[in-house]
Amino acid sequence: MSMSTIHDIGYRHYDGKRLGRAYTVRSLFVHNLRAAYGIGRPARAKVMPFLLGALMLLPAAGSVAIFAFSKEESALIRYSSYTSILQVVIAIFVATQAPVLASRELRFHVVPLYFSRPVGHLDFVLAKFAAMAVALLALMATPITLLYVGGLVSKAPDPADQLLRFLGALVGCVLFALVLAAIGLVVAAFTPRRGFGVAAVIAVYMLSSTFVGIIQGLAESQTNFALAGWAGLFAPFNLVDIVQVRLLGAKSTSVSIAPGLQGGVVALAVCALLVAGSIAVLYRRFRKAGLS
Amino acid sequence: MPIIATQGLTMRFPRVTALDDLTVSVEHGVVGLVGANGAGKSTLIKILLGLLPPSAGTASVLGLDIARDGLRIREQVGFMPEYECLPPDVSATEFVVHMARMCGLPPTAARERAADTLRHVGLYEERYRPIGGYSTGMRQRVKLAQALVHDPKLVFLDEPTNGLDPAGRDEMLDLIRRIGTEFGISVLVSSHLLGELERVCDHVVIVDAGRLLRSQAVAAYTEVSGSLTVEVDEGRDELGRRLYDEGVVVRPEGRFLIIDIAGEDTYDRVRDGVAELGLRLIRMEQRRHHIEEVFAVDPAADPPPSVPPGPPAPPGQAGPSVERGTGR
């Protein structure tokens, strides 16, 4: 074999440094974050995430351009509304990229290779979850930042208020990222076939927003606005919007928002529950896969 | 210190007992783990990796207890599963570097070790292409490379020759032998084929239905026997008859004659017989025992099986063992 080459210096043992758990988890996080944008994989894996990323930036860039010319303040899209307005693009990103992180390594049985190494089950799941959430955060926060910076450069009025609303929207983005990662990863982890995974995530998004929309419509026609507001808890984008409106002082984008401070607190609790539940379910799923 | 030691290891699943009171201990070197499919080989490896807690019994790997020190064991061992475990859309380099980092190797070291290891297993330019386009033989090499990249003290290779053609099988076996000798890494290699393991292993452990059938150094299985294999081009029967008439104990087996060595003069009789009958002598060699024979003679084994548990011996070696009576 390689004995035929003159330069073969034989096998050398490794006695260099072996880094600990923090390094492994960080590497795992970076690996998954890169995978979410198709980096380190063939060109066709990069098409979808970067195309969607560009789609996300387009309205923000247009909005800033129009404002720069017209100085019409209404031309700037509201920071806290941006994510809800472009929710279809974001949902498609979750649908196409969550299976990359959650089901690719299940489908190809790579998972046992991690657990036969010094990688803990919970560390593995947390790294994946964090990577998906950060990938989503980058997708959503970049256009909003573009809006803010663009507004600043073209001298939008009341910079102090702008900054406050921008920061509030960023917090909203973090929450959006966590909730969407939680839902997307769990659904994808239980549909190992890639096409099914994409379809399943889209289905969960479409069904939840459609049903909630129907219920809200019916409730409002009977002037039961409280019910319409509470129904919003069951659609992911509406859920986070409730938190934005009730706890972060944003203006409402969704059709209905659960009433009062308690509406916001309940919505935040639902978000926390979703995230914790998702991590617990993913932990069990990958632990089982590690033994097969 | 034994690299692997088990004490009454038992693993019961709801419907089957995969391991049944297995007590075995093996030293540094290349160790074969042999058994039919479903004999408990893969289960044993998972338990030794500390991934699956046994129903009963204890075990230690590299002197570390599997129940308490699972993490420290996994830092020092490598594992090559028997099934496909490679993502198709990344290159071998990218994948092996990632797996090296998962063992705690810093980025630069991970890249260097990955390149070295892939070269050692025989992957060169193709390592930059996505794994999806690899042949089975190349995939097996990548699987082996990821098990070796962090320079473990011990590697578990689960059925590494599965699915390979004869040439690929030979190369894989040579590689395993090199890992044990040249690299100085202990190897536990499982297979359901006894014949291929006797070529590369120092020690063979045979399990059957989760029980230990035998654990022994290969030298003890394959010591020189007291018989001679003779192959002639034509006229096997004439030679046999002549030797028989001279009082030599001889029997046909396949294309060969198997002759009991009574003393120095047995060789002379064969030589003279061949010369006087004008036959062409192709081969005359002293027979060695094959590990497979343990199945036929081991009192612990089931009564003589009609289907031999081992495979036919590889071509170029003496035929299957006499005891099974497969000769004509």
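# Reading a two-chain predicted model

Q: How many helices and strands does chain B have?

A: Chain B has eleven helices and 14 strands. Please keep in mind from the outset that this is a predicted model.

Q: How many helices and strands are there in chain A?

A: Chain A has twelve helices and zero strands. Along the principal axes, the C-alpha atoms of chain A fill a box of roughly 80 × 45 × 30 Å.

Q: Where pLDDT is low, how should the predicted coordinates be read?

A: Over residues 297-328 of chain B, however, the pLDDT is below 50. Beyond near neighbours in sequence, that stretch has 44 contacts in the model. For the complex, the predictor gives an ipTM of 0.89 and a pTM of 0.83.

Q: In what order do the six strands of the open sheet in chain B stand?

A: The order is β6-β7-β8-β3-β9-β10, and the pairing is mixed. Strands β6 and β10 (211-217) of chain B stand at the edges with a single partner strand each, so one side of each lacks a neighbour in the sheet. On average, neighbouring strands of this sheet are turned by 15° against each other, direction ignored.

Q: Which strand do four bridges join to β6(B), and do the two run parallel or antiparallel?

A: The partner is strand β7 (residues 154-158) of chain B, and the two run parallel. One can follow the pairing residue by residue: B:V77 stands opposite B:L154, and B:G78 has B:V155 as its bridge partner. Now consider the two faces of β6 (residues 77-80). B:V77 and B:F79 point one way, B:G78 and B:M80 point the other way, and all are buried.

Q: Which strands pair with β9(B)?

A: Four bridges join β9(B) to β3(B), and these strands run parallel. In that pairing, B:L33 has B:V205 as its bridge partner. With β10(B), the pairing is antiparallel over six bridges, and there B:V204 has B:Q216 as its bridge partner. The hairpin of β9(B) and β10(B) has two residues between the strands, and B:A209 takes a positive phi near 50° in this hairpin.

Q: Are the residues on the two faces of β9(B) buried or exposed?

A: Six of the six residues of β9(B) are buried. B:H203, B:V205 and B:V207 lie on one side, with B:V204, B:I206 and B:D208 on the other, and both faces are covered.

Q: Which helices of chain B lie across β3, β7 and β8?

A: Helix α1 (residues 41-48) of chain B lies across β3 (30-34), β7, β8 (186-191) and β9 (203-208), and runs at about 150° to β7(B). Helix α6 (residues 166-181) of chain B lies across β3, β7 and β8, and runs at about 155° to β8(B).

Q: What tends to happen to nonpolar side chains in soluble globular proteins?

A: They tend to be buried together. Here, the largest nonpolar core has 157 residues, and those with the most contacts inside it are A:M132, A:L185, B:V96 and B:V155. Helix α8 (residues 159-189) of chain A gives the most to this core, with 16 residues. A second, separate core has twelve residues, including B:V230, B:L243, B:L257 and B:I259.

Q: Which residues does B:V155 touch, not counting those up to four places away in sequence?

A: Among them are B:V77, B:G78 and B:M80, residues of strand β6 of chain B. B:V155 also touches B:A147, B:L148, B:I179, B:I185 and B:V187.

Q: What percentage of each chain counts as buried?

A: Of the 328 residues of chain B, 45% count as buried; for the 292 residues of chain A, the figure is 42%. A further question is how far apart in sequence the contacting residues lie. Among contacts between residues at least 6 apart, those joining residues at least 24 apart make up 70% in chain B and 76% in chain A.

Q: How many residues does each chain bring to the contact between the chains?

A: Chain A brings 35 residues and chain B brings 38 residues. On the side of chain A that touches chain B, α1 (21-36), α5 (104-107) and α6 (111-115) of chain A each supply at least two residues. By class, that side has 16 nonpolar, twelve polar and seven charged residues.

Definitions and conventions:
Residues numbered from 1 in each chain as written. Chains lettered and ligands numbered in written order. Contact = placed C-beta atoms within 7 Å. Nonpolar A, V, L, I, M, F, W, Y, C, P; charged D, E, K, R; others polar. Buried ≥ 20, exposed ≤ 12 C-beta atoms within 10 Å, placed from the backbone. Core = buried A, V, L, I, M, F, W, Y, C linked by C-beta atoms within 7 Å. Pairing = 2+ DSSP bridges. pLDDT = per-residue confidence, 0-100. Axes fitted to C-alpha atoms, helices over the stretch in contact; angles between N-to-C directions.
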